[in-house]
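This briefing covers the architecture of individual chains and the contacts between them. Please view the sequence and structure before reading on.

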Amino acid sequence: MTTQFTSDVRAPAVASPQRTRSGISWWFIVAVIAVAATYIRAIYFTPLEAIQGPAQKIYYVHPTSAWVAFLAFGIVALASIGYLWLKDLKLDRVAESAAEVGVVFTSVTLVTGSLWGKPIWGTWWTWDARLTLTLFLWFIYVGYLVLRGAIEDREMRARYSAVLGILGALLIPFIHLSVYLFRTLHPMPIIGKPSRPSLPNEMLETFALAFVSFTILFIALFRARYRLAIERDALDAQERG
Amino acid sequence: MTGAVERVSVASAGEPEVEARGLTRTFGGRRAVDGVDLSLAAGDCLALFGPNGAGKTTLLRMLAGLLKPSAGTARIGGVTLPGGEEVRAVVGLISHASMLYGALTARENVEFAARLHGVGDARRTALRMLERMRVLDRADTPVRSLSRGLQQRVSIARAMVHSPRVVLLDEPFSGLDAAGAAALTNALVELRTHGATLVLVTHNLGEGLEMASHAAVMQAGRFVRFEPCDELDTAAYAATYRELVTRGP
Amino acid sequence: MPHNAGYYHAAYIIVAVVYGAYALSLWLRLRAVRRKHDQGSNGVRVD
Amino acid sequence: MGPSTLGAALLIARKDLAIEFRTRTAFFSAAVFALLAIVIFFFAWDPTAVAGMDLAPGVLWVIFTFAGLLGLNRSFSVELADRAIDGLLGAPVRREAIYLGKALANVVFVGAVEAISIPAVALFYNTPFGGRWLAIAGVALLATIGLVAVGTLFSAMAVNTRLSELLLPMLSLPFFVPIVMPAAQATARLLSGRPVVEAANWLKILLAFDLVFVAACMMAFPFTVEE
């Protein structure tokens with residue numbers, strides 16, 4: 001697998017050291033091991049929660065994915081501000097990669113959220129403030145990816161995406177506020193609030209492991225997507241060069 | 001030609017009105033303009049020739065302050081690019097597109113441009129400009145119902161209503177009939193006598209050389225030739241130009 | 001103790017499948033770009 | 001040098017409205033769309049089950065959102081027609097003035113559609129506005145400013161892409177949530193005769209949104225036109 005880059009895309013000509021011969025990065029291997037460990041520990045070695053029952057085990061995958069989604073979109077916003085300031089395409093590639101991975105994590109968050117809501121709150125979907133915010137997050141960043149797809153010119157694509165990346169981040173507090181105000185007007189029948197810290201240690205330790213392993217998974221996926229962004233730009237430059 | 005141009009400011013003899021050093025603009029990997037050097041004093045007129053895709057329009061848009069240079073420097077009327085409002089106040093651009101609002105009349109378009117440039121008594125100046133471009137009789141018809149040639153004249157009037165010190169023309173004669181071409185030539189000559197500097201992009205060698213004080217040929221983003229007109233033999237120039245253009249970049 | 005283990009089984013499977021599928025898509029897209037890139041830069045070389 | 005930022009903005013707004021008044025197509029289509037939607041919405045619900053009164057605020061705000069989007073799309077397509085945008089960008093005018101001018105014209109445009117729709121809703125949904133016209137107009141203005149602040153910026157971007165009719169709504173609608181929700185809640189409060197103070201929380205969100213996003217969009221606009 002030879003990797004060649006044109007001169008003006010300053011990417012390492014030699015594949016980066018973290019990459020084994022077959023192209024799978026160490027990060028990805030560590031991530032898979034960590035997530036597997038989390039699964040085993042959560043399924044076999046963590047006590048069941050009395051009130052919610054086994055469904056409570058979703059606690060180890062839902063909020064952890066949600067945290068990564070918000071982390072990803074924080075990266076998009078920072079990279080967007082960076083791009084508009086420094087006009088360095090590397091930052092735009094960071095934003096592009098974080099957005100795509102972020103949408104994947106947001107989708108998982110929504111699905112696991114409703115899978116948890118059904119047994120606990122009795123419905124697949126509730127307009128719970130956090131879940132609704134995650135839903136809107138999903139809409140904003142799918143819009144971000146569609147916008148990227150709709151612009152041919154590489155520089156304009158970077159500029160427009162940066163503007164949307166920043167405005168998207170500005171919007172989050174407003175959505176949270178208005179949804180929260182809306183929700184408190186029609187309080188949901190809250191049976192057991194999920195993920196309250198008053199949990200026994202084993203559960204907290206499993207949650208910590210899940211938290212770390214999903215973050216590592218994010219880093220692995222992000223690095224791979226960033227590598228893809230570099231090689232795609234190199235290919236475009238070569239085809240247009 | 002009645003009515004003198006009010007705001008006349010002739011730049012000091014020494015300092016060039018339009019100057020570029022290694023001016024470059026890249027789109028993605030491609031260098032549309034690749035290190036152009038240029039120096040024109042007030043009253044000069046550069047005829048810029050070259051095949052399609054040579055980067056002429058990109059160069060013009062950079063000098064007009066519409067495109068930021070990727071590298072190199074350029075100064076227009078003493079202001080370094082991208083100069084923002086200062087540069088755009090003294091530059092007039094005539095491009096392939098008319099830059100007019102089809103729904104508005106010729107008068108409204110030119111008056112709007114005049115007000116946008118802060119021209120005193122925009123209404124009268126606009127009318128005088130339309131009159132000089134011999135399109136006054138159609139001043140109150142929506143621009144989209146005018147012929148291509150008449151639209152071109154209104155576009156020229158729009159671009160020169162604020163009596164710019166630097167006028168950038170991208171094939172302005174295309175689509176003009178004899179009367180239109182004469183009106184444009186007179187207006188340009190008058191601007192030059194008042195110290196304006198012109199850059200005229202054209203494919204018509206005769207038209208260009210007749211008007212110009214300097215001539216340049218651009219190819220693949222670079223000036224392959226740049227010299228004052230009085231030093232060059234028109235016939236020889238035409239021959240080498242045809243050969244350059246047919247061989248392509 | 002409610003018997004709702006099915007929900008978390010579904011959740012865990014979906015999490016693994018979605019992230020796994022995305023990782024696979026990244027790998028495939030990377031390979032495709034590299035192959036097109038290699039072809040482009042040194043003539044048509046189908047490996 | 002060119003006119004002041006505000007002077008240029010007013011000039012550009014006047015030019016936009018002159019064009020709009022001359023062609024009138026966009027305005028009529030947006031207005032007729034609004035009226036049609038109001039009528040259709042009415043038949044979407046069983047009048048015996050849901051009182052017109054309860055529907056009015058929601059219907060009003062859903063319609064303003066989409067009528068507004070119709071209008072916003074034309075805002076920059078009129079500039080791209082003959083590259084008139086190059087004339088604007090080539091003038092000694094700050095980019096923020098161009099944004100302000102276009103936004104002002106859009107506020108007037110969307111405002112005009114609202115001026116037709118609010119009485120129509122009052123008529124068709126027989127909701128007594130009970131002298132609350134001014135308060136509701138105030139809420140409408142605040143919401144319109146927010147809609148237009150974001151919509152004008154996204155219109156400037158969408159118009160340069162392939163599928164702008166689809167892209168503009170898709171990008172803008174998430175941003176309209178913190179506008180439409182408070183506006184609809186405030187309108188509902190006002191319509192049901194409750195004291196204005198109850199709508200205060202919602203109006204605060206609306207006002208905060210306007211302040212933040214007018215500033216942010218104005219700062220972001222130069223990046224959408226500067227090459």
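How many residues does the contact take from chain C and from chain A? Chain C contributes 26 residues and chain A contributes 35 residues. The model under discussion is predicted.

**Chain C**
- The secondary structure of chain C consists of 1 helix and 0 strands.
- Chain C has 47 residues, of which 26% count as buried.

**Chain D: fold and dimensions**
- Chain D contains 8 helices and 0 strands, and its pattern along the sequence is α-α-α-α-α-α-α-α.
- Chain D is as compact as a globular protein of its length, because its radius of gyration of 18 Å is close to the 17 Å that the globule rule gives for 227 residues.
- Along the principal axes, a box of roughly 60 × 35 × 25 Å is filled by the C-alpha atoms of chain D.
- Of the 227 residues in chain D, 53% are buried.
- Among contacts in chain D with a separation of 6 or more, 84% are between residues 24 or more positions apart.

**Contact between chain D and chain B**
- This contact takes 25 residues from chain D and 26 residues from chain B.
- Helix 1 (5–23) and helix 4 (84–89) of chain D are the elements that give two or more residues to the side of chain D that touches chain B.
- Helix 1 of chain D supplies the largest share of that side, 7 residues.
- By class, the side of chain D that touches chain B comprises 13 nonpolar, 4 polar and 8 charged residues.

Methods
Residues are numbered from 1 along each chain as its sequence is written. Chains are lettered from A and ligands numbered from 1 in the order in which they are written. This is a predicted model: local features need pLDDT of at least 70, side-chain atom pairs count only at pLDDT 80 or more; totals for chains, interfaces and linings use all residues. Two residues are in contact if their C-beta atoms, placed from the backbone, lie within 7 Å. Helices (H or I, at least four residues) and strands (E, at least two) are DSSP runs, numbered from the N terminus. Ala, Val, Leu, Ile, Met, Phe, Trp, Tyr, Cys and Pro count as nonpolar, Asp, Glu, Lys and Arg as charged, and the others, Gly among them, as polar. A residue is buried if 20 or more other C-beta atoms lie within 10 Å of its own, exposed if 12 or fewer, and partly exposed in between; C-beta atoms are placed from the backbone. The radius of gyration is taken over C-alpha atoms; the globule rule is 2.2 Å times the number of residues to the power 0.38.
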